[in-house]
Amino acid sequence: MGRHTCLYDLHLALGARMVDFNGWDMPVAYGSQIDEHHAVRRAAGVFDISHMCVVDLSGARTRELLAGLLANDVGRLSIAGRALYSCMLNDHAGVIDDLIAYYLAEDYFRLVVNAGTRDKDMAWIGAHAERLDVKLLERRDLAMLAVQGPQARERCATLLNSEAACGAMALKPFFGAQLGEWFIARTGYTGEDGFEIMLPAGEAGSVWQRLNAAGVRSCGLGARDTLRLEAGLNLYGNDMDEQTQPFESGLGWTVAFEPPGRDFIGRAALEQIRAHGSERKQVGLVLDERAVLRSHQRVLVEGGGEGEVTSGTFSPMLGRSIGLARVPAATADAVQVEVRGRLLPARVVQPPFVRHGRVLIAT
Amino acid sequence: MSKIPPELKYTSSHEWLKELPDGNVEVGISDHAQEALGDLVFVELPEIGRQLAAGEACAVVESVKAASDIYAPVAGTVTAVNEQLTRTPELVNRDPYGGGWMMRLKPATPATAAALLSAADYQAVADEG
């Protein structure tokens, strides 16, 4: 039996089909995952993401710690509440994890890391934190809900008192704030507007039900995956891991080489790769045939070379299959993918496929 | 709980079979199977006239999550396929024993259905996952 979030019993009561996700029993869907997907694109949906790991870092040298651990630059965080998406790399520039860091105060940052990487992340961060006298506190007392969709923010606001509602509605994208007992951030993993809310675990069930009553649909990990893939967002373990570096995973934009003096772990290896040029790159794929791209399918590139689909699914918005793939750097605009023993032509595109309810790819 | 109509026959690979009055049989996948697959997005059906051996892979259903082969429950010739599934594969999710039927076969030999599972036997298979 896997681990349960504080919402486990509610998921069962709502009729969810449960699956194992990195050792956690999580809802994959409550009914049709495609209907859940459309609910988020058109209105609002709520996801239980309490399996993710929230870690608070405190101590005078917290910023210094993160400046060394993260490939993106926490020096860019000058306004309290600001969030930063970053990779955490090893010495070879392999991706240990991708995470969000919130700057809350000079001696207090919050990280949200993946469930499946929790143990190694805690060990890695902990080992470096000790030297700088930074304390780690894992916040298993908090539940985390992602409320996403064009109507998500307004519907969340109806659950808050007027002061907190004003504070929440005033949040700019990629900012968070502690509003009473809740930490509310205007972040997400769907390509839609919305909030990620960290709140005391004991409140999560009643909040979920009040969101449902306010017209926010319960959504499972199935819809979360199709939404993030349409939004062109990577999934750790599929699209990047310790064997791959950010430049071949579509994450070059998250690497901050400026200022030149910031000596983060993985920097030397990344500079070497940058000097020679990455041999592989990440691309988006669209399949116009009636078949579905899946991770690990072989990608054949015209003129030689091979790659691999790292994530694939059916896109409810495009009505056809989309995917992310790692391919040779010289790959042009057409490839073939081996799908169940057949070679099918696929179009190479620049993700995202969908943003804010709109399809961005020619169909 | 998934539905398992008592009047149908089943296979351990989750197909159902209905004996039609004209001697043909209708084939689809069980409620348990559609539930496990999740939302179907593509259904690939055999050509009419194709001769199938019992247990032969003859159709493919693909959900958001995974692709799965469908096997002929009995030997026979394909006499009809449910063309509606090409445009609306979700019929299999909504109505697996009715509008979600996949194909009709003329069995090669009569009474071949005897080797199939009863609803009670299939219940045991479904309970195992």
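Me: In this predicted model, which residues of α8(A) are buried?
Reply: The buried residues are A:L221, A:G222, A:A223, A:R224, A:D225, A:T226, A:L227, A:R228, A:L229 and A:E230.

Me: Why is α8(A) called largely enclosed by the rest of the structure?
Reply: Because burial applies to 10 of the 10 residues of α8(A), the helix is described as largely enclosed by the rest of the structure. After α8(A) comes A:G232, with a positive phi near 70°.

Me: How do you know that domain 1 and domain 2 of chain A are in contact?
Reply: Two residues count as touching if their C-beta atoms lie within 7 Å, and on this basis 21 residues of domain 1 of chain A are in contact with 22 residues of domain 2 of chain A. On the side of domain 1 that touches domain 2, the elements giving two or more residues are α2 (33–42) and α8 (221–230) of chain A, and α2(A) gives the most, with five residues. By class, that side of domain 1 has five nonpolar, nine polar and seven charged residues.

Me: What makes up the contact of chain A with chain B?
Reply: The contact draws 12 residues from chain A and nine residues from chain B. On the side of chain A, at least two residues each come from α2, α8 and β16 (306–315), and the residues of that side comprise five nonpolar, five polar and two charged.

Key:
Residues numbered from 1 in each chain as written. Chains lettered and ligands numbered in written order. Predicted model: local features only at pLDDT ≥ 70, side-chain atom pairs only at ≥ 80, totals over all residues. Helix = DSSP H or I, 4+ residues; strand = E, 2+ residues; numbered from the N terminus. Nonpolar A, V, L, I, M, F, W, Y, C, P; charged D, E, K, R; others polar. Buried ≥ 20, exposed ≤ 12 C-beta atoms within 10 Å, placed from the backbone.
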